[in-house]
Amino acid sequence: MKEQLEQISQWIISSRRIVIFAGAGLSTESGIPDFRSPGGVWDRYDPEDFYFQNFLSSEASREKYWQMATEMYEPMKKAQPNLAHLAIAEMERLGKLDCVITQNIDGLHFKAGNSEDKVIQLHGTAMAVSCLTCGKRYDRDEIQERLRKGMKAPKCDTCGGPLKPATISFGQSMPEKETQEAYHRSSISDLFIVIGSSLVVQPAASMPLVAKRNGAKLVIINRDPTSYDDMADLVIHGQAGPIMDSILKEAKKKIDNP
Ligand SMILES: [Zn+2]
């Protein structure tokens, strides 16, 4: 293990375009429940109610959606970045981060200190709400306050259109700009580090492949094995927080004493 951490820190020093690919494992280490796991909200709600088409077509679906979204938002709002988030933010400060491509919607990369232009949020963000008709954005807390006061399916102040958290729902297409940007950054990266993702959700899961095909070194840090482990240059199975913390400490030692 020590040799592996050493190797990755060496690659961080010598690489110029490092892309971090962050998955749900990063959020669960901050205490945010994995909503797909047993006992998660999907056990108590019917996913059918949350398809984007249903949200668009039925006021009843919108009300159920907001009820569930409120339940999911509470732990997210309280969550704090863990050692892995902090290590990624440190990489930015050291000038060692091209970007983070994240599947997470909890905004923890920003709480850790990453800047807006370094984070590509593939699945949107739960920290904002947008109008599906005119695109107007709202702060999430402002809308949650309306729900707390009894509103069931909030509407846009400007145009009366339905408001929805700015996340990508089932049946809703991936954000075009973010997806393209993520593929582009993957294709020109020279070190691609997957953290806390089992790489099953497409199209995001094909990004390590794009990076690898274009010559990047591929590192996977995940609790469980993934189907990409065989093609990776280095794989570590374990908790992302302590592992990333050790790697960054090692890298900083090398920077301080070259
Ligand atoms: Zn509107």
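This is a predicted model: local features need pLDDT of at least 70, side-chain atom pairs count only at pLDDT 80 or more; totals for chains, interfaces and linings use all residues.
The side chains of Arg 146 and Asp 157 meet in a salt bridge, with a nitrogen-to-oxygen distance of 3.0 Å. Arg 146 belongs to helix α7 and Asp 157 to the loop between α7 and β6, so the pair ties together parts that are eleven residues apart in sequence.

**Salt bridges**

- Side chains of opposite charge can pair when their charged atoms come close.
- The count of salt bridges in this model comes to 17.
- Arg 146, one partner in the pair described above, counts as buried because its relative accessibility is 19%, and the limit for buried is under 20%.
- A further salt bridge joins Lys 155 to Glu 59, whose closest N and O atoms are 3.3 Å apart.
- This pair links distant parts of the chain, since Lys 155 is in the loop between α7 and β6 while Glu 59 is in helix α4, 96 residues apart.
- Both partners are classed as partly exposed: Lys 155 has a relative accessible area of 36%, and Glu 59 has one of 33%.
- Lys 253 forms a salt bridge with Glu 250, and here the closest N and O atoms are 3.7 Å apart.
- Lys 253 and Glu 250 are three residues apart in helix α10 (residues 240–256), and they are therefore separated by about one helical turn.
- Glu 250 counts as buried, at 16% relative accessibility.
- Glu 250 and Lys 253 also belong to a network of salt bridges that includes Glu 6 and Lys 254.

**The zinc site**

- Which atoms coordinate the zinc ion? The donors are the SG atoms of Cys 131, Cys 134, Cys 156 and Cys 159, at 2.3 to 2.4 Å.
- The site is tetrahedral, with angles of 98 to 115° among the four donor atoms.
- For comparison, the ideal angle for four tetrahedral donors is 109.5 degrees.
- Along the sequence, the donor residues follow the spacing C-x2-C-x21-C-x2-C.
- Cys 134 lies in the loop between β4 (124–131) and β5 (137–139), and Cys 159 lies in the loop between α7 (140–148) and β6 (163–167), so this pair ties together parts that are 25 residues apart in sequence.

- Cys 99 is buried, and its relative accessible area is 1%.
- A disulfide is a covalent bond between the sulfur atoms of two cysteines.
- The count of disulfides in this model comes to zero.

- Pro 81 is placed in the loop between α4 (59–78) and α5 (83–93).
- Pro 81 is buried, because its relative accessible area of 17% falls under the 20% limit.
- Which residues does Pro 81 contact, leaving aside its neighbours within four places in sequence? The contacts are Ser 30, Leu 86, Leu 108, Lys 111 and Ala 112.
- The C-alpha atoms of Pro 81 and Gly 241 are separated by 9.7 Å, although the two residues are 160 residues apart along the chain.

How values were computed: Residues are numbered from 1 along each chain as its sequence is written. Side-chain values use heavy atoms; hydrogens and water are left out. Donors are N, O and S atoms within 2.8 Å of the metal (3.2 Å for Na, K and Ca); water is not among the atoms, so sites may look incomplete. Four donors count as tetrahedral if all angles lie between 85 and 135 degrees; four count as square planar and six as octahedral if opposite donors are over 155 degrees apart and all others between 65 and 115; anything else is irregular. Helices (H or I, at least four residues) and strands (E, at least two) are DSSP runs, numbered from the N terminus. Buried means under 20% relative accessible area, exposed over 50%, partly exposed in between (1.4 Å probe, protein chains only). Contact means heavy atoms within 4.5 Å. A salt bridge is a side-chain nitrogen of Lys or Arg within 4 Å of a carboxyl oxygen of Asp or Glu. A disulfide is a pair of cysteine sulfur atoms within 2.5 Å.
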